[in-house]
Amino acid sequence: MDSPEGAIDTTLRIEGQSGTLSSSAIPQQLPLENLTLEGAQLSFSVTTNAYGRVEARLTLSGDAAEGTIDVPGVGALPMRCTRTSGPER
């Protein structure tokens, strides 16, 4: 994610089976809230100590995703993701 202070590396982990999802943002282990996937649109929110509730919206394309994360008091920051592992089959 790009911030006013520079790039921030973050790991987004989404796990689940049988239509249920659980997830957390790493390294702080913050649980994702309101996680939804509609078509290629992934959205979620995270409540942080520093900024309160942040909202993310990403568009998935193959093994990549791109979108924004809205941070209160900062604004919409660009966010890019690359899949590093997939579901076990």
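**Labels and cut-offs**

Guide: Along the sequence, the protein runs β-β-β-β-β-β-β-β-β-β. This is a predicted model, where local features need pLDDT of at least 70, side-chain atom pairs count only at pLDDT 80 or more, and totals for chains, interfaces and linings use all residues. Residues are numbered from 1 along each chain as its sequence is written, and side-chain values use heavy atoms, leaving out hydrogens and water.

Visitor: Why is Leu60 called partly exposed?

Guide: Buried means under 20% relative accessible area, exposed over 50%, and partly exposed in between, using a 1.4 Å probe and protein chains only. Leu60 has 33% relative accessibility, so Leu60 counts as partly exposed. Leu60 lies in strand β8 (residues 52–61). Of the 89 residues of the protein, 21% count as buried.

Visitor: Which residues does Leu60 touch, leaving out those up to four places away in sequence?

Guide: They are Leu37, Ala40, Leu42 and Ala65. Contact means heavy atoms within 4.5 Å.

Visitor: What makes a set of residues a nonpolar core?

Guide: Its members are buried Ala, Val, Leu, Ile, Met, Phe, Trp, Tyr and Cys residues, joined through side-chain atoms within 4.5 Å. The largest one here has 13 residues, and those touching the most other members are Phe44, Val46, Val54, Leu58, Ile69 and Met79. Two or more residues come from each of β7 (41–48), β8, β9 (64–71) and β10 (75–82).

Conventions:
Helix = DSSP H or I, 4+ residues; strand = E, 2+ residues; numbered from the N terminus.
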